[in-house]
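I opened the model and kept notes on what I looked up. The entries follow in the order I made them.

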Amino acid sequence: MPLDAQSDLDDEVLLVRFANGDRDAARALTLRLTPRVLAQATRMLRNRAEAEDVTQEAMLRLWKAAPDWRQGEAKVSTWLYRVASNLCIDRLRRAPQVALDAVPEPEDDAESAEERLQGDARMAALDAALAELPDRQRQAVILRHIEGLSNPDIAEIMDIGVEAVESLTARGKRKLAELLKGRRAELGYTDG
Amino acid sequence: MADEKDAFDPFLDELFAEASERDAHGASPDLLARVLGDAEAVQEGFVAPVARPSAPPRVPFWQSVLDAIGGWPAAAGLAAAGVAGVWIGVAPPEALEFDMATMLGVDDGLASIGLVDGSGFFGDALLDGIGESEG
């Protein structure tokens, strides 16, 4: 089946197809899930090279789990975020945190150089503010507000209750707002 | 707790949306190639053993016959018996050369065999019949 035709399929359907030897399903899942895991890992680890290693490892575990995947029990993305999250936490515990690598952002021809610079500055500011949050708060905020997961999914990933997720994200968001308060105009936000 | 719930903050939400949009395209081609390489290597590992069960091999007719009679040992026994039979038929040993009548102890008709009682109804009928056929 061509890749285009796979793009609308559910992650779980693709994973089953992958387990049955469908190479297009492997490509579709790689393109769909890798950037999301990488983003989560990069923001948690603040180190691009380590985040790439974690992403590759998490995806490898997904591939290996595919033949025994029990359909309907867990969402593929939730499972994957959880694996990546645990790998990140292991690394954070093992090694002291280092400053965020200069992460090259993808270039978009449609964007002007000025817009791109402004966008880069905004993302750098967000990443810097996120880095100020405690690990659990940062993880919850990233999963909720950037990855767009539901609170129950985050609760499952972080192995905590939904109320705790709400508390973490709320406190994290308040802290972020505080950290970025003085930079709104500088970062091109005029409405607030 | 109401104060613990997410507060609406357009600026932060805008930043989050932008980050999310950028993340969707953030993986380098090299990382994607590595992940895909792992996927294909793993896939080859579990596709091979899970080959579809093939149809049972066709058994030749002679093989099924052989199996039915008990395999090669039985076939060898049958062949030996067949050869022996032909041999005896073509060149019978002297010990087997005898007159069937002599073996049965008769040489002039059933009446003298002594196996049939000439008296009584059945004896008469039998002897009459034989007599008629001889006549």
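The model is predicted. I looked up Val65(B) and found a relative accessibility of 37%, so Val65(B) counts as partly exposed, since buried means under 20% and exposed over 50%. Val65(B) sits in helix 3 of chain B. I then noted a nonpolar surface patch of about 410 Å², made by Val65(B) together with Phe61(B), Ile69(B) and Leu78(B). Helix 3 of chain B (residues 61-69) gives the most to this patch, namely three residues.

Entry on salt bridges. I looked at some that run between chains A and B.

- Arg23(A) pairs with Glu40(B), with the closest N and O atoms 3.8 Å apart. The pair crosses from helix 3 of chain A to helix 2 of chain B. Arg23(A) is partly exposed at 38%, and Glu40(B) is partly exposed at 25%.
- Asp53(A) meets Arg34(B) at 3.8 Å, N to O. Asp53(A) lies in helix 4 of chain A and Arg34(B) in helix 2 of chain B, so this pair joins two chains.
- Glu14(B) meets Arg122(A) at 2.7 Å, N to O. Glu14(B) is in helix 1 of chain B and Arg122(A) in helix 6 of chain A, so two chains are joined here. I read Glu14(B) as partly exposed at 34%, and Arg122(A) as buried at 6%.

I also noted one network, in which salt bridges with shared partners join Arg48(A), Glu52(A), Asp53(A), Asp30(B) and Arg34(B).

Entry on cavities. I found two of 30 Å³ or more.

Conventions: Residues numbered from 1 in each chain as written. Chains lettered and ligands numbered in written order. Predicted model: local features only at pLDDT ≥ 70, side-chain atom pairs only at ≥ 80, totals over all residues. Heavy atoms only, no water. 1 Å grid on protein atoms, 1.4 Å probe; cavity = no way out; pocket = protein on both sides within 12 Å on 5 of 7 lines; lining within 4 Å. Points joined across faces, edges and corners; volume = space filled by probe spheres on them. Patch = residues over 30% accessible without salt bridge, like charges linked within 9 Å, V, L, I, M, F, W, Y side chains within 5 Å. Areas by Shrake-Rupley, 256 points an atom, 1.4 Å probe, with all protein chains shown as cover. Salt bridge = Lys/Arg side-chain N within 4 Å of Asp/Glu carboxyl O. Helix = DSSP H or I, 4+ residues; strand = E, 2+ residues; numbered from the N terminus. Buried < 20%, exposed > 50% of the residue type's maximum accessible area, 1.4 Å probe, protein only.
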